[in-house]
Amino acid sequence: MKNRYLLLLKMQLYNFFGINCILNSHSKKEKQRSMALGGLVIFIIGLMIVYSTTISMSIASMGAVNILPTISALICSLITLILTFLKSSGVLTGLRDYDMVMSLPVKNSEVVLSRLTMVYLTNLLISIIVVLPSVVIFGINAEMGISGNIMFLLSFFFLPVIPMIISLGLGVLISAISSRSKHKNIFSLALSTLIVLLIVAASTKAQSMNTDEILNIGILFSNITNEIYPPAALISKAVEQQNWLYFLVFVGMSILISVIFVGTVTHFYQKINTATFNHSATKFEGKILQVSSPLKAMYKREFERYFSCTIYALNSTIGMVLLLVVTLLLLFISPEALEQQSNIIGLSQMLRQILPMVIAVFITMTSTASASLSLEGKNRWIMCSVPVRAIDIFNSKIAVNLTVICPFVLISAVLLGFKMGISLKQAILLCIVPTVYACFISILGMYMNLKFPKYDWTSEYYAVKGGAISVLATMGVGMLSSLIPLFVCIVFQNISTLIMVATSILLLVFSIILYRQLQQYQLYEI
Amino acid sequence: MQAVLEIKNFTKEYSQGKKAVDNLSLSVMPGEIHGFIGHNGAGKTTTIRAVVGVMGFNKGEILIDGHSAKNEPVKCKLLTAYIPDNPDLYDYITGIQYLNYMADMFSVNRKHREERIKKYAELFGITDSLGNLVSSYSHGMKQKLALIGAFLHKPKLLVLDEPFVGLDPEAAFHLKQIMRDLCSQGSAIFFSTHVLDVAEKLCDKISIIKQGNLIISGSTEAVRGSGSLEDVFMEVVENEK
């Protein structure tokens with residue numbers, strides 16, 4: 001008999017990036033879609049490897065090649081920590097195929113292990129992207145013995161383990177706590193947002209510590225590492241001192257923590273999931289029903305959907321939460337103080353000028369629309385059979401995206417505008433640029449989800465993350481559309497207004513074209 | 001008299017040239033209960049999905065109360081109610097929120113929606129559960145909720161895909177009663193089923209489809225002849241082998 005753990009894992013891998021559809025579909029459209037997906041994934045991975053290599057080479061050219069193991073361990077751990085946490089709610093609890101899987105002759109531990117392996121494999125990919133270029137640069141530049149290089153190379157198999165367990169542990173804990181609450185999704189969302197903010201605050205703290213000690217960067221990083229994340233320090237020491245004992249302690253620690261976590265989760269797995277699926281039954285007492293127009297009814301339902309899925313809300317709102325954090329930080333640090341601290345002359349003036357583009361970067365991270373169609377999943381027969389035009393359905397989804405973006409942008413723009421003392425011209429740009437970007441990202445998200453829908457998910461996680469091409473593509477195109485003009489504005493400050501106006505006009509025209517495309521769609525094509 | 005549903009030379013062809021339904025024509029008149037029978041994979045659901053506008057089609061025409069499903073989809077959907085064979089509903093809203101949503105979508109006024117929700121929820125025995133999340137409902141309860149949602153706007157055409165699967169005997173009895181009531185008020189019903197006894201007793205007309213082709217269509221008496229519907233169905237299947 002085949003190992004059941006491997007069979008469970010195989011079923012999950014089939015769903016990963018729609019691999020099975022790519023292999024078995026006979027539809028030409030599906031093949032083209034899969035090729036586009038594959039191309040985009042390879043492009044993103046390539047881009048990340050180039051980025052990671054460039055950073056490693058810069059560090060090596062500064063003569064600080066010895067800190068590469070620490071830095072890559074720290075970056076890899078932080079990325080794993082944040083990304084795993086964002087998807088933690090859909091990994092171990094609340095899965096649609098829970099009943100089916102649990103009715104199979106498998107042990108709880110096999111189910112838990114198969115789920116964890118899937119997350120581990122995703123994180124391993126990130127680890128390879130971050131660590132492998134560093135290993136190569138380190139091997140070429142550092143005068144280190146063979147064992148140091150081998151330890152560094154082997155480390156990327158273990159680096160994601162501890163942060164992954166921490167994040168998943170927090171996710172399970174939130175599920176367990178919030179399952180007792182009637183409004184468990186909102187509770188879970190609030191807790192999750194709080195934890196993301198704590199992680200972001202911790203990493204911001206780590207980054208802000210390097211301003212005074214830029215010359216002593218090696219000591220600074222090892223201090224930070226020791227303070228924040230001791231396992232990374234172990235790897236650093238192991239490689240630096242070529243000490244296998246440190247390396248084995250790190251590996252042993254990773255394995256021990258994993259075993260304890262798997263054991264604990266296995267023990268409580270059924271209990272936690274039962275609580276997640278349980279609902280308190282209350283007797284319905286008739287109340288006056290509110291009558292709405294079809295569009296308003298769809299908009300309200302979209303909002304219910306938004307709050308019903310923690311991973312969806314968290315993933316698509318994180319950009320706005322980060323914008324709020326940055327706004328609050330800038331409120332307490334004056335632009336002049338920032339200029340003095342960073343030693344960048346003219347930073348305060350530059351910030352005033354490029355503020356609309358800075359806000360735009362956060363806006364382009366926010367697209368509820370890019371997963372909204374996929375999330376209809378098996379319910380989409382309702383959407384297709386109700387008597388409304390397809391564009392009305394898209395409008396309701398676009399409206400939700402705009403509703404999520406607008407309050408955050410308004411608060412940030414007003415607060416930062418006053419704090420920085422911007423001119424009238426800058427104030428006008430502060431109104432126009434974010435508005436255009438908000439419309440653009442909402443329409444783009446809708447369009448991408450129409451082009452790359454994913455309805456056959458077993459967990460909402462797969463519709464929102466886990467290879468959801470529409471989300472990746474929207475974020476990728478969106479970020480490029482804001483980061484490139486931002487960069488150009490920084491380089492050519494004299495004509496930054498012109499750049500922002502031109503970008504806004506271009507994006508507005510592009511949004512209109514995309515919206516017209518949306519209007520052409522028939523419902524059954526979705 | 002104008003047919004409530006008229007399917008003319010309907011053909012659904014998939015990308016590799018395989019025809020799921022080939023040149024199917026039939027009509028359903030006001031006040032008629034029309035049973036659509038066939039093997040698994042015969043093309044019943046494909047036809048139904050095209051009728052309710054959930055799926056596009058290559059050739060032919062589908063008219064609902066004289067309106068083209070291709071050219072006037074919204075108008076057609078306003079006149080139609082559809083329940084799929086396995087109605088997946090929004091798990092994250094309560095039963096009453098789902099019904100109110102459907103009433104909003106079909107622009108049912110407050111008086112009528114409250115009256116009808118009360119009437120049908122009591123009939124199906126789910127009034128007490130309307131305040132609970134749909135995710136807490138059993139399969140049968142979800143089906144009852146979907147049925148109530150379909151009745152709210154008094155559809156001119158009710159299209160049901162295997163409506164009796166999963167319903168308890170009492171609910172099945174009430175559903176048959178509601179179907180007859182709707183038809184007595186001028187609506188028409190087009191439904192697929194594997195339960196031949198029910199089809200025989202309930203339907204005014206029967207159509208049998210096999211491998212995408214309509215084999216036989218007519219009044220229940222004419223189709224059944226002197227035997228039972230089961231005999232006719234088996235005979236048709238055997239002869240076509």
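1. At what angle do helix α20 and helix α22 of chain A pack, and how far apart are their axes? In this predicted model, α20 (residues 424–451) and α22 (residues 469–491) of chain A pack at about 150 degrees with their axes 9 Å apart, where helices are DSSP runs of H or I with at least four residues, numbered from the N terminus, and axes are lines fitted to C-alpha atoms over the stretch in contact, with angles from 0 to 180 degrees between N-to-C directions. The two helices are therefore roughly antiparallel to each other, a term used for angles over 145 degrees. The crossing of α20(A) past α22(A) is right-handed, meaning that the near helix is turned clockwise from the far one by less than a right angle.

2. The contact is made by A:Y437, A:I441, A:L444, A:G445, A:M448 and A:N449 on the α20(A) side, and by A:S470, A:A473, A:T474, A:V477, A:G478 and A:S482 on the α22(A) side; residues are in contact if their C-beta atoms, placed from the backbone, lie within 7 Å. By class these residues are six nonpolar, six polar and no charged, with Ala, Val, Leu, Ile, Met, Phe, Trp, Tyr, Cys and Pro counted as nonpolar, Asp, Glu, Lys and Arg as charged, and the others, Gly among them, as polar.

3. Residues are numbered from 1 along each chain as its sequence is written, while chains are lettered from A and ligands numbered from 1 in the order in which they are written. Because the model is predicted, local features need pLDDT of at least 70 and side-chain atom pairs count only at pLDDT 80 or more, whereas totals for chains, interfaces and linings use all residues.

4. A second pair in chain A is α16 (residues 347–363) with α19 (residues 390–420), whose axes come within 11 Å and cross at roughly 165 degrees. That makes α16(A) roughly antiparallel to α19(A). Here A:L351, A:R352, A:L355, A:I359 and A:I363 of α16(A) meet A:I405, A:V409, A:S412, A:A413, A:L416 and A:M420 of α19(A), and the contact residues divide into nine nonpolar, one polar and one charged.

5. Helix α11(A) (residues 230–241) is mostly covered, with nine of its twelve residues buried, that is, with 20 or more other C-beta atoms within 10 Å of their own. Just after α11(A), A:Q242 takes a positive phi of about 50 degrees.

6. Between the chains, 38 residues of chain B are in contact with 30 residues of chain A. On the chain B side, α3(B) gives the most, with five residues.

Methods
Parallel < 35°, antiparallel > 145°, perpendicular 65-115°, else oblique. Contact = placed C-beta atoms within 7 Å.
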